Amino acid sequence: MSSRVVVIGGDAAGMSVASGVRKRLGDDDEVIVLERGTWTSYSACGIPYWVAGDVDSADDLVARSPEKHRENGIDVRLGVEATAIDPAARTVSVRDGDPVPYDRLVIATGAEPLRPDLPGIDGDGIYGVQSLDDGQVILDELAKQPRHVVVVGSGYIGLEMAEACVARGFDTTVVERAPTVMPIIEAELGDQVAEAMKKRGIHLRTGVDVEGFALDDSGRVAGVETDDGTLPADLVILGLGVSARSSLADDAGLPLGAKGGIVVDDRQRVEGFDDIWAAGDCVVTRDRTTGELIHLPLGTHANKQGMVAADSLAADLLGEEPRLTFPGVVQTAITKFCSLEISRTGLGEKQALDAGFDPVVVSKETSNWAGYMPGAGSITVLMVADRSTRRLLGAQIVGAEDAALRIDVAATAVVAGMTVDDVVMLDLAYAPPFSSVWSPIQVAARAAVKALAG
């Protein structure tokens, strides 16, 4: 008997599920993807670099077009917006069309930029950044040569979009309510990022709350109103983070967690709904250190979760045992501002305290490779360890070329539950053009060992 799998959402998680299921099921089985936009399988993370001009076009950010997916036997339906899910009837209602029945359903609706309920927020010229269409809108706005661009928020997207705008020659201001930029990293590292931004010509307003947006007579943004005065603005880019796009799931009675993320098990099956799976930026996932369910939208997780969901769903239909699980995350992330690289993994000091650990925090400045080699630059590694167990809880890096990706060593150590003593003794690669004799991660780990002895 044939089956019908319906997937809502055609980006990383959705198409990973659709592709994986299509390969496992028979020719008589249907795999249908409902995508409200016009793109599939694209890199939202690449949008700031497209806006900056480093990437030539939106097409360069597309990993696989709808046509390619159709050639592989997936029924991709573009411009079809799902409006409701009926778990009892096993149907998805769509705008301007008949309900679509399903045997198994996958929700991969992604995330949406946070838009705080502030006066003027719905004015023209105020945009979030999540889809390729969003990127094109911002490029169109920049083509109008705005005099003043204001970026609200200095997280990853805020930082990257600010760099893109200043690289194109626009007067750019970043407003951040925290005392320093990038509050996801410790303040001493955030100060280094702030200094790099100022040197690049970005105007920084930290410790400032946005209270609303001034609009002109046509309804277009003219200023950003803060608790420290009004900033002129012809274009506002929101970099305040995202929340799960989960209203469909909520209306259908599915369980929600942090930032509206859908609650799933380690095989991406929705808790309490045996015929519904969810994956990607619309779900919560478990922090492997604390056990807490968090919302952490990243393309890396979306693709892995899609692979796991495909395995679980296909096994369910085929009467087999699933092989894969998604074990959770340690909150690893990486970005850059011009030549300054930034990365982090695991817990920061406050996160560690909130989780009940007794954190020891150390920070060491070293070089990205042997200091006597040409082009050697500075790198600062901050490390967080638990006092009683000596376990590595997290690390953060800010530095010159080839600095940030070293966070992967720390991320692996956090996942493995290694102590800082273990990290010191890791057999890591060394040659003068690539590293100092002690890897920067090990320099910080040695400092943590010393601090724990004190």
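Student: Which residue in E25 does Arg 344 stand opposite?

Tutor: Arg 344 stands opposite Gln 396 in E25. The model is a predicted one, in which local features need pLDDT of at least 70, side-chain atom pairs count only at pLDDT 80 or more, and totals for chains, interfaces and linings use all residues. Residues are numbered from 1 along each chain as its sequence is written, and side-chain values use heavy atoms, with hydrogens and water left out.

The pairing of strand E22 (residues 340-346) with E25 is antiparallel and runs over 6 bridges. Here strands are DSSP runs (E, at least two residues) and helices likewise (H or I, at least four residues), both numbered from the N terminus; two strands pair if DSSP finds at least two bridges between them.

These two strands belong to an open sheet of 5 strands in the order E21-E22-E25-E24-E23, with antiparallel pairing. At its edges are strand E21 (333-337) and strand E23 (359-367), each of which pairs on one side only. From one strand to the next, the twist averages 15°; angles run from 0 to 180 degrees between N-to-C directions, and axes are lines fitted to C-alpha atoms, for helices over the stretch in contact.

Two helices pack on this sheet. Helix H6 (residues 187-199) touches E21, E22, E23, E24 and E25, and its direction makes about 20° with that of E25. Contact means heavy atoms within 4.5 Å. H10 touches E22 and E25, and the direction of H10 makes about 175° with that of E25.

Most residues other than glycine have a negative phi. Arg 390, however, has a positive phi, near 65°, and is found in the loop between strand E24 (378-386) and strand E25 (392-399). With a relative accessible area of 27%, Arg 390 is partly exposed; buried means under 20% relative accessible area, exposed over 50%, and partly exposed in between (1.4 Å probe, protein chains only). Asp 402 likewise is not a glycine and has a positive phi, of about 70°. Asp 402 is found in the loop between E25 and helix H10 (407-416), and counts as partly exposed at 44% relative accessibility.
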